[in-house]
Amino acid sequence: MSSEGQLALQDELPDVRDGLTRTDRIVLAVLEQTQKECRNRNVPTAMLYGRVLEYVQISEADLIHTLHRLGVQSRTRQ
């Protein structure tokens with residue numbers, strides 16, 4: 001297996017300690033950092049997506065699925 005294949009597999013394997021994957025940890029860390037930069041305001045998904053892509057290859061749909069699975073609440077404008 002190539003090193004890229006190993007990294008992709010590691011991104012999706014849950015850690016036995018808490019069940020989070022490497023991708024989950026990256027999403028949560030980038031979200032926290034971005035929230036701080038936005039003065040604890042809501043972070044637009046597009047902004048988060050662009051920043052997460054700097055660390056891991058993920059589709060926008062997979063990012064949204066990950067956010068929902070992690071319990072990150074989204075707010076929509078009415």
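Start at Asn-40, which is exposed, its relative accessible area being 67%. Exposed here means over 50% relative accessible area, buried under 20%, and partly exposed in between, with a 1.4 Å probe and protein chains only. The structure is a predicted model, in which local features need pLDDT of at least 70 and side-chain atom pairs count only at pLDDT 80 or more, while totals for chains, interfaces and linings use all residues. Residues are numbered from 1 along each chain as its sequence is written, and side-chain values use heavy atoms, with hydrogens and water left out.

**The loop between α2 and α3**

Asn-40 sits in the loop between α2 and α3. Its phi is positive, about 60°, although Asn-40 is not a glycine. Now select Arg-39, found in the loop between α2 (22-37) and α3 (45-52). Arg-39 also has a positive phi, near 55°, and is a residue other than glycine. For comparison, most residues other than glycine have a negative phi. Arg-39 is exposed, with a relative accessible area of 76%.

**The whole chain**

Zoom out and colour by secondary structure. The protein has four helices and zero strands, and along the sequence the pattern reads α-α-α-α. Helices are DSSP runs of H or I with at least four residues, strands are E runs of at least two, and numbering goes from the N terminus. Of the 78 residues in the protein, 22% are buried. The accessible surface comes to about 6,200 Å², and 48% of that surface belongs to carbon and sulfur atoms. These areas come from the Shrake-Rupley method with a 1.4 Å probe; for residues, only the protein chains shown count as cover. Among contacts between residues at least 6 apart in sequence, 34% join residues at least 24 apart. A contact means heavy atoms within 4.5 Å.

**Helix α2**

Select Thr-34, which lies in helix α2. Is Thr-34 buried or exposed? Thr-34 is buried, with a relative accessible area of 1%. Leaving aside neighbours within four places in sequence, Thr-34 is in contact with Val-43, Met-47 and Arg-51. Draw a distance from Thr-34 to Met-47: their C-alpha atoms are separated by 8.5 Å, and the two residues are 13 apart along the chain.

Glu-32 is also found in helix α2. Glu-32 is partly exposed, with a relative accessible area of 45%. From Glu-32 to Val-43 the C-alpha to C-alpha distance is 9.5 Å, across eleven residues in sequence.

**The packing of α3 and α4**

Next, show α3 and α4 together. Two packed helices are described by the angle between their axes and the distance between the axes. α3 and α4 pack at an angle of about 105°, with their axes 11 Å apart. The axes are lines fitted to C-alpha atoms, for helices over the stretch in contact, and angles run from 0 to 180 degrees between N-to-C directions. α3 and α4 are therefore roughly perpendicular to each other, a term for angles of 65 to 115 degrees. Which residues make the contact? From α3 come Thr-45, Leu-48, Tyr-49 and Val-52, and from α4 come Glu-60, Leu-63, Ile-64 and Leu-67. These residues divide into six nonpolar, one polar and one charged. In this count Ala, Val, Leu, Ile, Met, Phe, Trp, Tyr, Cys and Pro are nonpolar, Asp, Glu, Lys and Arg are charged, and the others, Gly among them, are polar.

**The loop between α3 and α4**

Move to Ile-58, in the loop between α3 and α4. Ile-58 is buried, with a relative accessible area of 10%. Ile-58 and Thr-23 are 35 residues apart in sequence and 8.6 Å apart in space, C-alpha to C-alpha.

In the loop between α3 and α4 (60-69), select Glu-54. Glu-54 is exposed, with a relative accessible area of 63%.

**The nonpolar core**

Finally, select Ile-26, Val-27, Val-30, Leu-31, Val-43, Leu-48, Val-52, Val-56, Ile-58, Leu-63 and Leu-67, the eleven residues of the largest nonpolar core. Such a core is a set of buried Ala, Val, Leu, Ile, Met, Phe, Trp, Tyr and Cys residues joined through side-chain atoms within 4.5 Å. At least two residues of this core come from each of α2, α3 and α4, and α2 supplies the largest share, four residues. End on Leu-67, which touches Val-27, Leu-48 and Val-72, residues up to four places away in sequence not being counted.

Key. Angles under 35 degrees count as roughly parallel, over 145 as roughly antiparallel, 65 to 115 as roughly perpendicular and the rest as oblique.
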